[in-house]
Amino acid sequence: MIKRAQQKNIKLYTVGLGSSTWYFNHYLKPLAEETGGEFYMAAKAAGLKDIYDSIGKSIDLSVDSDGDGIPDYYEDNLVAFNGKRILTDKNNADTDGDGLSDGEEVEIKVKEYGKQAVVFGKYNSNPTSGDSDGDGLNDGNARYINRRGKTIKVAPKDMEPLKMNGHKRFWDAHVKSQQEGITSEYSSPIASGKMTHYAKVKAVDMNMSLYKYDTYSITNIVNWYPDDPQWWITGFSGARKEFRHPRAHRLFVIGHIRLGELKKECLLSFGANEYNQRASKYIVNDEDDSIWVYWDEFRQ
Ligand SMILES: [Ca+2]
Ligand SMILES: [Ca+2]
Ligand SMILES: [Ca+2]
Ligand SMILES: [Ca+2]
């Protein structure tokens with residue numbers, strides 16, 4: 001029993017009533033002490049009230065020292081549903097320093113089984129990792145670079161912190177490449193207002209970066225940061241010779257499309273594409289009404 005309680009991080013509080021000292025010392029006391037709880041003894045039933053009051057105090061759920069919404073008691077004792085301890089710091093509201101408080105990352109859940117209840121922590125994201133799913137997107141923060149005095153978001157905050165959104169390598173390479181400086185860029189090939197679009201969709205603000213990758217390296221081929229809003233990114237024409245033969249077997253693209261007020265309308269048409277939906281290689285970012293497209297292409 002002690003072992004099972006230890007494995008599940010359950011503290012046992014035991015109370016002995018009466019005078020069976022031998023039994024108490026051999027069973028109840030070790031049970032409590034070896035699981036981190038406490039042993040109490042009452043000679044008479046009248047003493048029990050004080051003891052239960054004292055046990056009640058040691059699992060006081062009203063103290064939340066760092067004010068993150070998780071009581072100290074749970075920060076010291078909380079386990080996830082799989083039985084693993086959740087190691088948050090009760091004196092630090094944001095244990096992993098990723099901008100999300102421990103209380104935002106973990107929800108306290110109570111599951112009742114008849115008269116018993118089990119309390120456990122449910123992860124919205126991992127409170128002890130800034131990138132819970134290891135996909136290169138941060139749980140709590142978007143990543144930015146500064147270009148020509150303009151702040152540009154180059155990676156969104158992870159809208160799905162427990163689901164891989166693309167390869168870590170790609171996002172990291174993208175952020176690094178954009179930080180280091182743009183290797184090549186081209187302005188808008190479409191003069192705004194001189195074309196009409198068949199779907200009568202308004203032009204929106206967007207940019208895109210294309211990379212080729214292999215086992216050892218990731219090379220930035222082009223960054224497209226047009227000054228004018230664009231209709232849609234569909235690919236490159238062969239008008240520029242640089243685009244004609246990139247000679248890459250493996251390509252990936254990271255694009256950011258700021259849809260603004262057109263978000264709903266655009267998402268309807270975007271989401272209607274069955275392949276996109278199945279592959280789910282886009283992230284809808286409600287904070288700035290944009291979508292991020294991340295796509296990798298492997299051709300033999
Ligand atoms: Ca707390
Ligand atoms: Ca955090
Ligand atoms: Ca986190
Ligand atoms: Ca993710």
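Analyst: Helices here are DSSP runs of H or I with at least four residues, and they are numbered from the N terminus. The model is predicted.

Start with its length. After H6 comes Gly-181, with a positive phi near 125°.

Which residues of H6 are buried? They are Phe-170, Trp-171, Ala-173, His-174, Ser-177 and Gln-178. Viewed down the helix axis, these buried residues fall within an arc of 165°, so they line one face of H6.

Beyond its neighbours within four places in sequence, Phe-170 contacts Gly-136, Phe-252, Ile-254, Tyr-294 and Asp-296. The largest nonpolar core has 20 residues, and Phe-170, Ile-291 and Trp-292 touch the most other members. H6 supplies at least two residues of this core, as do each of strands S6 (150-155), S7, S9 (250-258), S10 and S11 (290-298). S9 gives the most, with 4 residues. A second, separate core has 5 residues, including Ile-70, Tyr-74, Leu-78 and Ile-86. In soluble globular proteins, nonpolar side chains tend to be buried together.

Now take S10, residues 282-285, where Ile-283 sits. Is Ile-283 buried or exposed? The cut-off for buried is 20 or more other C-beta atoms within 10 Å. Ile-283 has 20 such neighbours inside 10 Å, so Ile-283 counts as buried. Setting aside neighbours within four places, Ile-283 contacts Pro-156, Met-159, Asn-165, Ile-291 and Trp-292.

S7 is another contributor to the core. S7 (residues 205-213) pairs with S8 (residues 218-224) in the antiparallel sense over 6 bridges. A hairpin through 4 residues joins S7 to S8. Within this pairing, Tyr-211 has Asn-220 of S8 as its bridge partner.

Finally, the whole chain. The protein chain holds 9 helices and 11 strands. Of its 300 residues, 23% are buried. Among contacts with a separation of 6 or more, 59% join residues 24 or more positions apart.

Technical notes: Residues numbered from 1 in each chain as written. Chains lettered and ligands numbered in written order. Predicted model: local features only at pLDDT ≥ 70, side-chain atom pairs only at ≥ 80, totals over all residues. Pairing = 2+ DSSP bridges. Buried ≥ 20, exposed ≤ 12 C-beta atoms within 10 Å, placed from the backbone. Contact = placed C-beta atoms within 7 Å. Arc of directions from axis to C-beta. Core = buried A, V, L, I, M, F, W, Y, C linked by C-beta atoms within 7 Å.
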